[in-house]
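Look at the model below and trace the chain from its start. The text then takes the parts in turn.

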Amino acid sequence: MLGWPDRHNPDRINLVLPVDDGAVGIVLRPAAAGAKKRALCSWCEDVVATGNVRLLVARRAGAAGRNGNSIGVLVHDDLSCSAHVRRPPTTLEGGVDAEAMVERRVAELRSRTRAFAEHVRHG
């Protein structure tokens, strides 16, 4: 996953995600502002870092996107998910093998972001 904010438009986040046949570029925008609450990120599912999670929206590919169809996801607005999945587990998260837990989290992040990219591409 590669992501960065647009220097010219702070309400636009550029994202490149791997898919089975290469990579796909997606533009994320924040959904309409609502009450600030802590939330669990849909991609990294980090139970510790929940403060900067917000609803971001991507326009679907093709005719659906041109017609205004979009898909939303609750994620860290700074796209820090990669760092969150690599942090050592807390004692409450359990697990004797911390390294295996981190490897599992990384694999799950890849799976979830790939699924999101496929939903944007194909619905």
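What follows goes from the sheet to a helix, then to an aromatic pair and some loop residues.

This is a predicted model. Five strands make up an open sheet, and their order is β1-β2-β3-β4-β5. The pairing in this sheet is antiparallel. Which strands are the edge strands? They are β1, residues 2–5, and β5, residues 70–76, and each of them pairs on one side only. Neighbouring strands of the sheet are turned against each other by 30° on average, with direction ignored.

The pairs of strands can now be taken one by one. Strand β2 covers residues 13–19 and strand β3 covers residues 22–30. The two run antiparallel and are joined by seven bridges. A hairpin of two residues connects β2 to β3. To find the pairing on screen, look for Ile 13, which stands opposite Leu 28 in β3.

On the next step across the sheet, β3 pairs with strand β4, residues 53–59. This pairing is also in the antiparallel sense, and it has three bridges. Here Arg 29 stands opposite Val 57 in β4. Then β4 is joined to β5 by seven bridges, and these two strands run antiparallel. Arg 59 has Ser 70 in β5 as its bridge partner. In a regular strand, side chains alternate between the two faces of the sheet.

Helix α3 consists of residues 98–122. Where does α3 lie? It lies across β2, β3, β4 and β5, and runs at about 105° to β2.

The next topic is aromatic rings. A pair of aromatic rings is described by the distance of the centres and the angle of the planes. A search of the whole structure finds one aromatic pair. Trp 43 and Phe 116 form this pair, with 5.4 Å from centre to centre and 65° between the planes. The pair counts as edge-to-face because the angle between the planes is over 60 degrees. Trp 43 is in the loop between β3 and β4, while Phe 116 is in α3, so the pair ties together parts that are 73 residues apart in sequence. Are the two residues buried or exposed? Trp 43 has a relative accessibility of 2% and counts as buried. Phe 116 is buried too, with a relative accessible area of 5%. The cut-off for buried is under 20% relative accessible area.

The loop that holds Trp 43 also contains Glu 45. Most residues other than glycine have a negative phi. Glu 45 is not a glycine, yet its phi is positive, at about 50°. Its relative accessibility is 39%, so Glu 45 counts as partly exposed. Leu 79 also has a positive phi, near 55°, and is a residue other than glycine. Leu 79 is placed in the loop between β5 and α2, residues 81–85. At 12% relative accessibility, Leu 79 counts as buried.

The last stop is Asp 6, in the loop between β1 and β2. Its relative accessibility is 17%, so Asp 6 counts as buried. A polar atom of the Asp 6 side chain lies 3.3 Å from the backbone nitrogen of Asn 9. Leaving aside neighbours within four places in sequence, Asp 6 is in contact with Arg 12 and Asn 14.

Technical notes:
Residues are numbered from 1 along each chain as its sequence is written. This is a predicted model: local features need pLDDT of at least 70, side-chain atom pairs count only at pLDDT 80 or more; totals for chains, interfaces and linings use all residues. Side-chain values use heavy atoms; hydrogens and water are left out. Two strands pair if DSSP finds at least two bridges between them. Helices (H or I, at least four residues) and strands (E, at least two) are DSSP runs, numbered from the N terminus. Rings of Phe, Tyr and Trp (its six-membered ring) pair if their centres lie within 6.5 Å; planes under 30 degrees apart count as stacked, over 60 as edge-to-face and the rest as tilted. Buried means under 20% relative accessible area, exposed over 50%, partly exposed in between (1.4 Å probe, protein chains only). Axes are lines fitted to C-alpha atoms, for helices over the stretch in contact, and angles run from 0 to 180 degrees between N-to-C directions. Contact means heavy atoms within 4.5 Å. A polar contact is a pair of N or O atoms within 3.5 Å; within protein, one must be able to donate a hydrogen and the other to accept it, and residues adjacent in sequence count only if both atoms are side-chain atoms.
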